[in-house]
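The following questions and answers go through a single protein chain, from its overall form to local details. The sequence and structure come first.

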Amino acid sequence: MLTYADALKIVKETVSPLPSQIQPLTTAIGQVIAKPVCARWDMPRWDNSAMDGFAVSSQALDSTAGLDIVGSSFAGHPYNKTLQRNEAIQITTGAPLPCGADTVIPVEDTSVNDNCLSWTGTIRAKQHVRYQGEEYCEGERLVNAGTVVDAGTIGLLTGAGITEVAVYPRPRVAIFSTGDELLNPGQDPGPGQIINSNLQYLQARLQECGCTVLPLGIGADQRDNLGLIYKQAKEADLIVSTGGVSVGEKDLVQQTLLDNGFERKFWKVAIKPGKPLLFGLLNHKPCFGLPGNPAATASTFELFVLPALRILAGHGTTDRKMTARLKHGVKAGGSRHAFLWSRCEWQGDGYHVEVPQRQGSGQTRSIQGANALLSLAVGSPDLKTGDKVEIFPLYSL
Ligand SMILES: Nc1nc2c(c(=O)[nH]1)N[C@H]1C(S)=C(S)[C@@H](COP(=O)(O)OP(=O)(O)OC[C@H]3O[C@@H](n4cnc5c(N)ncnc54)[C@H](O)[C@@H]3O)O[C@H]1N2
Ligand code: MOO
């Protein structure tokens, strides 16, 4: 059976970034920049004051007579005349330095008498001036392709006059669950029925990841019905179903997909939970059949769907691994690479991890509150408190 590493490699080789699009900068938070962005003007745009005080010419600093205060330059209200050597103007932080001025004396070091400015202490020529272009110049590259738009990016680019950016779109993900036993939330389960928790889980997780979700509900265990749902999914960039991928009489997802032109890349991976994972392309779009057991749905989402979404969304690397120490013993790995829902926290000397009980594939309690998957390779021995383990922190796009 395919190993975890080989299956992930196939996913990475199969998926490529979505075409980029131009978008208003302010709507692009969390998205990845597709083309470098350059400044539209110098920053600062003009020499300006770094302090509230008075702007003077440095040539006037050795004069013993005071300077005539002839006007003001306030932020938003520049002084438009040329300052003479015997003159000063009042100035505020950020206000343009007028022609003829090159030095700012902070208000604390000055006194004004009869509209005449004098100062105390040593004043350095050209002090407290922020020069045009000292942060960046017109045409200079401010962010590279591959940058994730965050608040800092929005602040920087907005100041540089940028209102639109080329970014990779947020993936649109169609999700549905299969199974005649499934009911929608709020319904009362009768004999043999359960609430469809997988769809709600995936929807929430995709929302955390900033994806656009197309929830397509519940598919009955019938091929024609499942086929119709796949047709509805064609607007999506990636398709995810849950359930119906194992070998049971009613596991019809794979056959339905093959009837509809599915190009299968793999089925079954030696992992626990999640063994019957199905992956391929439907109409050239990545399509995952996640196993229906809730812990298998959730872990195969983290291990395979999320890396695929990261690639679609233009993110570079997809692997994140950390080392942590066990807070308690963990039983040996079995014949499949095991991934255990776990909680990891920093405790002074490093990360420490605990593994909740109730890790059954059909159970959901261990997923709630988890922030990592603990990786237990095939054949790993029983582990004890303090042993080092590899964990995959859960992350969003
Ligand atoms: N003979 C074999 N049987 C099974 C094998 C196998 O290799 N040989 N593999 C087992 C493994 S491992 C898994 S994982 C499951 C996955 O099977 P399916 O993907 O076909 O999932 P279902 O049979 O549809 O459901 C399994 C289980 O999960 C519950 N479920 C399904 N959908 C949901 C949902 N949306 N929300 C909550 N719970 C859901 C469902 O009721 C079943 O209890 O197959 C094993 N069998
Ligand atoms: O691999 Mo399945 O996900 O054990 O139950």
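Q: What share of the 397 residues in the chain is buried?
A: This is a predicted model, in which local features need pLDDT of at least 70, side-chain atom pairs count only at pLDDT 80 or more, and totals for chains, interfaces and linings use all residues. Residues are numbered from 1 along each chain as its sequence is written, chains are lettered from A and ligands numbered from 1 in the order in which they are written, and side-chain values use heavy atoms, leaving out hydrogens and water. Buried means under 20% relative accessible area, exposed over 50%, and partly exposed in between, with a 1.4 Å probe and protein chains only. Of the 397 residues, the buried share is 47%.

Q: Is the chain a compact globule or more spread out?
A: The chain has 6 helices and 26 strands, where helices (H or I, at least four residues) and strands (E, at least two) are DSSP runs numbered from the N terminus. The C-alpha atoms fill a box of roughly 100 × 50 × 40 Å along the principal axes. The radius of gyration, taken over C-alpha atoms, is compared with a globule rule of 2.2 Å times the number of residues to the power 0.38. The radius is 31 Å, well over the 21 Å that the rule gives for 397 residues, so the chain is more spread out than a compact globule.

Q: Which residues of helix H1 are buried, and why are they on the same side?
A: Helix H1 spans residues 4-14. The arc is that of the directions from the helix axis to the C-beta atoms.

Q: Which elements do the buried residues of H4 pack against?
A: In H4 (residues 223-232), the buried residues are Leu 226, Gly 227, Ile 229 and Tyr 230. Their directions fall within an arc of 160 degrees, so they line one face of the helix. The face turned away from the buried side carries the exposed residues Asp 224 and Leu 228. Contact means heavy atoms within 4.5 Å, and the buried residues of H4 pack against S13 (172-178), S16 (212-219), S17 (238-242), H5 (253-259), S20 (278-282) and S21 (285-290).

Q: Which residues is Gly 289 in contact with, leaving aside its neighbours within four places in sequence?
A: Gly 289 lies in strand S21 and counts as buried because its relative accessibility is 0%. Its C-alpha atom is separated by 9.5 Å from that of Leu 257, 32 residues apart along the chain. Its contacts beyond those neighbours are Ser 241, Val 245, Pro 276, Leu 277 and Leu 278.

Q: What does UniProt place at residues 174-311?
A: UniProt positions are given in the numbering used here, feature names are shortened, and annotations may be inferred rather than shown by experiment. Over residues 174-311 the chain is 34% helix and 29% strand, with the end C-alpha atoms 17 Å apart. The UniProt record, an unreviewed entry, places there the feature "domain: MoaB/Mog".

Q: Which residue does a cis peptide bond join to Lys 272?
A: Most peptide bonds are trans. One cis bond joins Met 43 and Pro 44, with omega about -10 degrees, and Pro 44 is in the loop between S2 (37-38) and S3 (48-49). Another, with omega about -5 degrees, joins Lys 272 to Pro 273.

Q: Where is His 128, which has a positive phi although it is not a glycine?
A: Its phi is about 60 degrees. With a relative accessible area of 26%, His 128 is partly exposed. His 128 is placed in the loop between S9 (116-119) and S10 (129-130).
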